[in-house]
Amino acid sequence: MRNSDVNPSPSTMRHQIAAETLRARSGAALIGLLLTALALGALGQLGSVYAETELAANAVEASHRVVNLAASATLFASLFGALLVTGEFKSGSIGRSVLYAPGRGAVVGAKLLVAGLAGLLYGVVSVLCSLAVGAAAFASKDVALVLDGRTWQLAAAVVGVSALAGPWGAAIGFVVRNQLIAVIGLVMWGTLGQLMVLSQFPKLGRFLPDGAQLAVLGDRLTLPSALDAPYGLLLLLAWVAALALLAQRMFTHRDV
C-alpha cells in the first residue's frame with residue numbers, strides 16, 4: 001500500500017498526534033516500561049549509596065552518581081518508541097494508520113513526537129524518583145543528599161537524553177519494522193554492545209550515539225575521551241535527526 005504525502009494542515013496534524021497519543025496510552029507498554037525503569041534505577045541507586053563506606057566524605061560525588069543512574073531510563077524510553085511503531089507492523093494496523101493519515105510523513109512525525117514526549121516523561125519521573133530514593137538512602141545514613149548546581153545539571157541532562165531516546169527508538173522501529181529484532185537489538189546494544197565498543201574503541205565510540213549521550217551526561221568514568229557536553233548534545237541531535245530522516249525515507253518508499 002502506498003500513500004503520497006500532502007502538506008497536512010495544523011488541525012489535521014493535531015488529530016494525527018492525538019490519535020498517536022491515545023494509542024500510546026492505551027497499551028501497557030508505557031506504564032510497564034516506566035515502572036521497570038524506576039525499579040531498576042532504584043536498585044542501582046540504593047546499591048550505590050549503601051556500597052559507599054565513607055558517604056559523608058563523598059556526599060557530593062555520591063549524590064551526582066545517584067542522579068546519573070536515572071539515565072538508565074533512556075533504554076526503556078527507546079524501547080517504548082520502538083514498540084509504538086513495530087506494534088503496528090506486527091498487528092498489521094499500520095496500513096490503516098496510513099490510510100487515514102494525510103500522508104506517510106505525518107505518521108512518522110506524529111509517532112516521533114509522541115515517542116519524544118514519552119521519553120520526556122520517563123526522564124522527568126526517573127529523575128524525581130532518583131532524588132526521592134537517594135534522599136531516603138542518604139537519610140538512613142544520617143547524611144543529606146547534595147542538591148548543588150551540578151546535581152540539577154545532571155538532572156536536566158538525564159531528562160534531555162531520555163526525551164531524545166524515545167524518537168530514536170521509534171525511528172529504529174520504522175527502519176527495522178520487526179518488533180522482536182528491534183527490541184533484542186536495543187537491549188543487547190544498550191546492555192553489552194555499547195560497553196564493548198566504548199571500551200575497545202573509545203576514540204571511535206565517542207562519536208557514536210552512546211558516546212554522545214555519555215558526553216551530555218558528563219560521564220568521564222565510562223568514557224574518559226568523551227566530547228565536551230555541548231558538542232555531545234549537538235552530535236546526539238544530529239544522530240537522531242539523521243535516523244529520523246532515514247526512517248521517513250524508508251517508510252515513504254516501501255510498501256506497508
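**A walk along a salt-bridge network**

Start by selecting Glu 20 and Lys 111: both are buried (buried means under 20% relative accessible area, exposed over 50%, and partly exposed in between, using a 1.4 Å probe and protein chains only). Before going on, note that this is a predicted model, where local features need pLDDT of at least 70, side-chain atom pairs count only at pLDDT 80 or more, and totals for chains, interfaces and linings use all residues. Residues are numbered from 1 along each chain as its sequence is written, and side-chain values use heavy atoms, with hydrogens and water left out.

Now show the side chains of that pair. Glu 20 and Lys 111 form a salt bridge, with their closest N and O atoms 2.9 Å apart (a salt bridge is a side-chain nitrogen of Lys or Arg within 4 Å of a carboxyl oxygen of Asp or Glu). Glu 20 sits in helix 1 and Lys 111 in helix 6, so this pair ties together parts that are 91 residues apart in sequence. Helices here are DSSP runs of H or I with at least four residues, numbered from the N terminus.

Next, go back to Glu 20 and pick Arg 23. Here you'll find a salt bridge of 3.0 Å, N to O. The two residues are 3 apart in helix 1, which means about one helical turn separates them. An α-helix has 3.6 residues a turn, so residues three or four places apart point the same way. Arg 23 is partly exposed at 32%, while Glu 20 is buried at 0%.

Select all four together: Glu 20, Arg 23, Glu 88 and Lys 111 make up a network of salt bridges. The whole structure holds 7 salt bridges.

Still in helix 1 (residues 10-26), click on Gln 16. Gln 16 is buried, at 9% relative accessibility. Leaving out residues up to four places away in sequence, Gln 16 touches Ala 101, Pro 102, Ala 106, Val 107 and Ala 110 (contact means heavy atoms within 4.5 Å).

Last stop: color helix 6, residues 104-140. Its 37 residues reach 54 Å from first C-alpha to last, close to the 54 Å expected at 1.5 Å a residue (the expected span is 1.5 Å times one less than the number of residues). Just past helix 6, look at Asp 142, which has a positive phi of about 60 degrees.
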